[in-house]
Every structure is written in structure tokens, then in C-alpha cells.
Amino acid sequence: MMSDSLRAVILGIIEGVTEFLPVSSTGHLLLAERFFDLGQGNFWNTFTVLIQLGAILAILVIYFAKLWRIALGMFSNADDRRFVIGVLVAFLPAVIIGLIAGKYIKEVLFNPWVVCFSLIVGGAILLWVDQIDQKPHLHDATKFPLLTYLWIGFAQCLAMIPGVSRSGASIVAAMLLGADKRAAAEFSFFLAIPTMVGAFVYDFYKNRADMTTDHLGIVAIGFVVSFITAIIVVKTFLSYVTRHGFTLFAWWRVIVGTLGLIALALGK
């Protein structure tokens, strides 16, 4: 039997690696739980949400100087204030749709068949977007038009379907709206901060009865592992996609989704 500490390490690595890549962290975590017995039940469902905060901390550390400058300047600098408003505008659709349909989505769509099909379809879309001969005109994630931020926010809501990928949906939307690959990826990082903190607070409040002091050590392990892993991935990801695009991640999605469908068809 696998120990809870080892489960926490493996799930922390999966979260840290997949959260900011356009491959769907939720989808990978659900498949890992299904096929490799990496923790099922109320506590582990809450655990996978809690360790997302480790990945968010990685973004805050990497972009601390820029975010601190924006935080200090938002009351006196129009550009900084507009970016903060833009992030909130992009975050708003997820809040509204999450409150209205969140329970239905979890009850109906959180199953491995949906995950596998979503991975494959999302992979095909990434391949298509990567091959478009784009002429991007938005090169700074902090200076998109407000309407662009809003459309990215609506696109992010598609990631409520497990397997779609929050970062993937926001990156694709940003690129189709004129952002270059690096700016699109960076804004998906910034948008993740309020989105994932909101999900963390909401899920923790709902499932607080399942958390005990015995669980704190397990959560701490997953948190630290996801934090360290996410720092490595984010630093590597930006430079990689700037040079090579998203083809690697698109094919990864297709392969994982296809293997998952085969396993499910065989009764696994």
C-alpha cells in the first residue's frame, strides 16, 4: 500500500508540473486518482485544491517585483490601475458561472471519460492555434485592452470542464485576440492568482469538516512539492513556448487522453 506521504509527493509534483502548462492539472489529477489509486475521497479531493496554493505562491515569488510595483502604483498610475481592473474583469465570469453551475459541473462532468475527450479536443485546438500564421500586436500582458481581458475571462470558464485546462483556454483566447505566446502565457499566470485563491477559499470552507490536524502534515508536503515544482516549470515554460510553441503540449494531451480512453474501454 502506498503511504499518504508518498501520495502527497506524487500529487504535488503532478499539480506543480501541470497547473501552468496547457494540459489540465485537474484532468491529470483525476486520471491519476482513477488509474493509480493516488487518493480518492473527500479529503483527497480537498487536498488537490489546497496544494494549488503552493503553485500560486510560485507565481507570486517569480513575479514579486512586478506585482509589488503594480500594487504600489495602482492608486497613482493609470496603467497599473487598468491592469488590476483587467484582471478582476477577467476573473468575474468564473465567479458568476462557478456560483451558478459549480455544483452541477462537479456532479456531472467530473468523470474520466469527460477528461479524456477534453484532453484530446483541447490538444487538437492547441495544434491548430500553433499553426496559424498570426501577427500578434499585444506584447505586454499588463497592457491588453479591457475587452480582451473580459473575453479571456469567458474563455477561462471553459476550464470548469475537467480536462480543458484553465491555462490552455486563457492562452488560446489571448493568442486569438492578438497576444504573442509569451504575453498570453504570462497573463494566464496572473489570472490564475485570483481564480485559484478563490477556488481555494470556497473549497476549503465547504470541506472544512474533512480537515483535521492529522491532515496538516500531508497537506504541507503536497504544498511544498507543488511550490518547488511550479517554480521550475514556470521559469522553463516561458522560454520554451517563446521558441517552440505549444506542439509538445498538444501531443501530450492527445496521447494521455487516448491512453485514458483505451484503459476505460478495457474496464480499468
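Colleague: In which segment is the place of Lys-268, and is Lys-268 buried or exposed?
Modeller: In this predicted model, the place of Lys-268 is in the segment after α12. Its relative accessible area is 56%, and the cut-off for exposed is over 50%, so Lys-268 is classed as exposed.

Colleague: Which residues is Lys-268 in contact with, leaving aside its neighbours within four places in sequence?
Modeller: Lys-268 and Arg-34 are 234 residues apart in sequence, and their C-alpha atoms are 8.6 Å apart in space. Once the neighbours within four places in sequence are left aside, the residues in contact with Lys-268 are Arg-34, Phe-35 and Ala-263.

Colleague: Where is Lys-181 found, and how does its accessibility count?
Modeller: Lys-181 is found in helix α10. Its relative accessibility is 25%, and because buried requires under 20% and exposed requires over 50%, Lys-181 counts as partly exposed.

Colleague: Which residues does Lys-181 touch, not counting those up to four places away in sequence, and what separates its C-alpha atom from that of His-215?
Modeller: With residues up to four places away in sequence not counted, Lys-181 touches Asp-130, Met-175, Val-241, Gly-245 and Phe-246. His-215 is 34 residues from Lys-181 along the chain, and the separation of their C-alpha atoms is 39 Å.

Colleague: Is Gly-102 buried or partly exposed, and what is the C-alpha separation between Gly-102 and Met-160?
Modeller: Gly-102 is found in helix α6, and at 21% relative accessibility it counts as partly exposed, because the cut-off for buried is under 20%. Gly-102 and Met-160 are 58 residues apart along the chain, and their C-alpha atoms are separated by 7.9 Å.

Colleague: Why does Thr-148 count as buried, and which residues is Thr-148 in contact with beyond its neighbours within four places in sequence?
Modeller: Thr-148, which is found in helix α8, has a relative accessible area of 9% and is therefore buried, the cut-off being under 20%. Leaving aside neighbours within four places in sequence, the contacts of Thr-148 are Leu-138 and Leu-177.

Colleague: What volume does the largest pocket have, and which residues are the closest to its centre?
Modeller: The largest pocket has a volume of about 1,200 Å³. Its lining is made up of 41 residues, and the closest to the centre are Val-49, Lys-106, Phe-110, Ala-199 and Asp-203.

Colleague: Which helix supplies the largest share of the lining of that largest pocket?
Modeller: The elements that give two or more residues to the lining are α2, α3, α6, α9 and α10. By class, the lining has 17 nonpolar, 17 polar and seven charged residues. The largest share of the lining, nine residues, comes from α6.

Methods
Residues numbered from 1 in each chain as written. Predicted model: local features only at pLDDT ≥ 70, side-chain atom pairs only at ≥ 80, totals over all residues. Heavy atoms only, no water. 1 Å grid on protein atoms, 1.4 Å probe; cavity = no way out; pocket = protein on both sides within 12 Å on 5 of 7 lines; lining within 4 Å. Points joined across faces, edges and corners; volume = space filled by probe spheres on them. Helix = DSSP H or I, 4+ residues; strand = E, 2+ residues; numbered from the N terminus. Nonpolar A, V, L, I, M, F, W, Y, C, P; charged D, E, K, R; others polar. Buried < 20%, exposed > 50% of the residue type's maximum accessible area, 1.4 Å probe, protein only. Contact = heavy atoms within 4.5 Å.
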